Amino acid sequence: MQSVTVELGAASTMELVNALSAIATELASREVPESAAACLELTETLVAACDMQESGLAGFIGRVDAAGESARWGYPSTQAWLRSRLGMRDSRAKERLTLARQRHRLPQVAERLAAGDLSYGYAATVADSVARLDDTDCAEAEATLLGFVDQGFSAGKVGAFGRRIRDLIAERDDTEDAPDEDTKRGYDNSWLTTTRSLDGGRYVKGWLNPEDAAIWDGTLAPLAKPAGPDDRRDLPERTAAALSSVLSGGHKASKVTVICDLDTLTGGNAPARLTDGSPIPAAQARRIALSAGVSPLLLGRGNTPLYLGHRERFASAAQRQVLETLYPSCAVRGCEVPGTLCEVDHVHGWALGRSPTDIDQLALTCGWHNRFKHSRPDQIHITKDQDGRYVYRLLPPPDARRSATGAGPPGNIGPPDTPTLDWAA
């Protein structure tokens, strides 16, 4: 066995993580001591160390999330990366992500967690409680909830206080009886408001009266059910996926038309446009043309329409039924979006008829991975399993692959080979 010497103060973060991994490997292989008293003491010491380790983990996850790094590796969200790549339960992935995102707004929590003065359970509870508060109320809530911690309340009890934090703040400000603007609208008429975010997403808020709520439940509830025991998405995620499927016509109807030149679809730079005249960059138009609910109107010279859509492009109802039987979820390994909410993907690309709409040339992929496959084909490896199903496997970004082979920037992401360490603090 090779020996590794680590000077804690001078070691890089990578060296510390590798050393920690080696220690964990050795510890996991040790026999449990016979003394129950010793095991109790060891457990308390180890849990305290793990809590401090969670402080570092929150920093790593926060940086990955802020940079959108998980998308480069083929994951639609940081939470999906934590679930699929690291095997976390959805609840634990969400908990860690919330702490990572709120850490910069909770300086006392971050400091005490790193110092071993606050358990991970308390830190995660406070982070979840302040996630929907503005910065001013967040600071007040942090002090209040940490006060409950210092009084000896359990993490569960602090969580209960946290769920009432808005009421406590309203009580403090004497605003608990003032109805908000949404309440003033009344409950007879349905309404929705949407606000576009800076990254192109959209916030949706509203109210449905009983009649519209019944339509909502009847349409979306069946589609929002878990796809099976391995579907770890929470209900809000499943509901959003169901709504997206319904709005796109569920790959059954084409309601959006993108008008573009033939050269644009085949790689040119001329912008496309929607029927209302809104311009669309060429690259974006090619991505949109892959959406199941969009039909491209191709124009030749002189703006002469070549064809509208491509009937053979869309799978028939019978073909889709077969595909949903073959693909209970997205064809991308590790993606848990149910097949019923996925789009039909032409495995070798539909554009200009390179792939016929034959059942052995089709697979089901979620909308996110359908676009990812088009924009980054070099990060999708496609094979067939013994049952004839296509399996899409995500590959690391090219720069990460160069790093692993030694052709790029240094950085060993795996644990060291040695389980023994000589420490010099």
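## Asp234 and the start of helix 13

The side chain of Asp234 comes to 3.0 Å from the backbone nitrogen of Glu237. This is a predicted model, and the contact lies at the start of helix 13, where the atom of Asp234 involved is a side-chain oxygen. Asp234 itself sits in the loop between helix 12 (210-220) and helix 13.

Asp234 has a relative accessibility of 19%, and because the limit for buried is under 20%, Asp234 counts as buried. Apart from neighbours within four places in sequence, Asp234 is in contact with Asp90 and Lys94.

## Helix 13

Helix 13 covers residues 235-247, which is 13 residues. From its first C-alpha to its last it reaches 18 Å, close to the 18 Å expected at 1.5 Å a residue.

Which residues of helix 13 are buried? They are Arg238, Thr239, Ala242 and Ser245. Viewed down the axis of helix 13, these buried residues fall within an arc of 125 degrees, so they line one face of the helix. An α-helix has 3.6 residues a turn, so residues three or four places apart point the same way. On the face of helix 13 turned away from the buried side are the exposed residues Pro236 and Leu247.

## Aromatic pairs

The count of aromatic pairs comes to four. In one of them, the rings of Phe148 and Phe153 have centres 5.8 Å apart and planes at 90 degrees, so this pair is edge-to-face. Phe148 is buried, at 17% relative accessibility, whereas Phe153 is partly exposed, at 26%.

Trp368 and Phe372 form a stacked aromatic pair, with 5.4 Å from centre to centre and 15 degrees between the planes. Trp368 and Phe372 are four residues apart in helix 17 (residues 367-375), so about one helical turn separates them. Trp368 is partly exposed, with a relative accessible area of 24%, while Phe372 is buried, at 4% relative accessibility. Elsewhere, Phe148, Phe153 and Phe161 make up one aromatic cluster.

Tyr75 lies in the loop between helix 3 (69-72) and helix 4 (78-84). Is Tyr75 buried or exposed? Tyr75 is buried, with a relative accessible area of 11%.

Leaving aside neighbours within four places in sequence, Tyr75 is in contact with Ser70, Ala80, Trp81, Ser84, Arg85, Trp368 and Leu394. Trp368 in this list is also a member of the stacked pair with Phe372. Leu394 is 319 residues from Tyr75 along the chain, yet the C-alpha atoms of the two are separated by 8.7 Å.

## Confidence in the model

The protein chain has a mean pLDDT of 78, and 73% of its residues reach 70 or more. Confidence is highest in helix 6 (residues 107-115), at 95, and lowest in strand 13 (residues 420-424), at a mean of 38.

Over residues 251-255 pLDDT stays under 50, and the model has 13 contacts beyond four places in sequence for them. Over residues 307-311 pLDDT also stays under 50, and here the model has 11 contacts beyond four places in sequence. Where pLDDT is low, the predicted coordinates should not be read in detail.

Methods:
Residues numbered from 1 in each chain as written. Predicted model: local features only at pLDDT ≥ 70, side-chain atom pairs only at ≥ 80, totals over all residues. Heavy atoms only, no water. Helix = DSSP H or I, 4+ residues; strand = E, 2+ residues; numbered from the N terminus. Expected span 1.5 Å × (residues − 1). Buried < 20%, exposed > 50% of the residue type's maximum accessible area, 1.4 Å probe, protein only. Arc of directions from axis to C-beta. Polar contact = N/O pair within 3.5 Å; in protein donor to acceptor, adjacent residues only side chain to side chain. Contact = heavy atoms within 4.5 Å. Phe/Tyr/Trp six-rings, centres within 6.5 Å; stacked < 30°, edge-to-face > 60°. pLDDT = per-residue confidence, 0-100.
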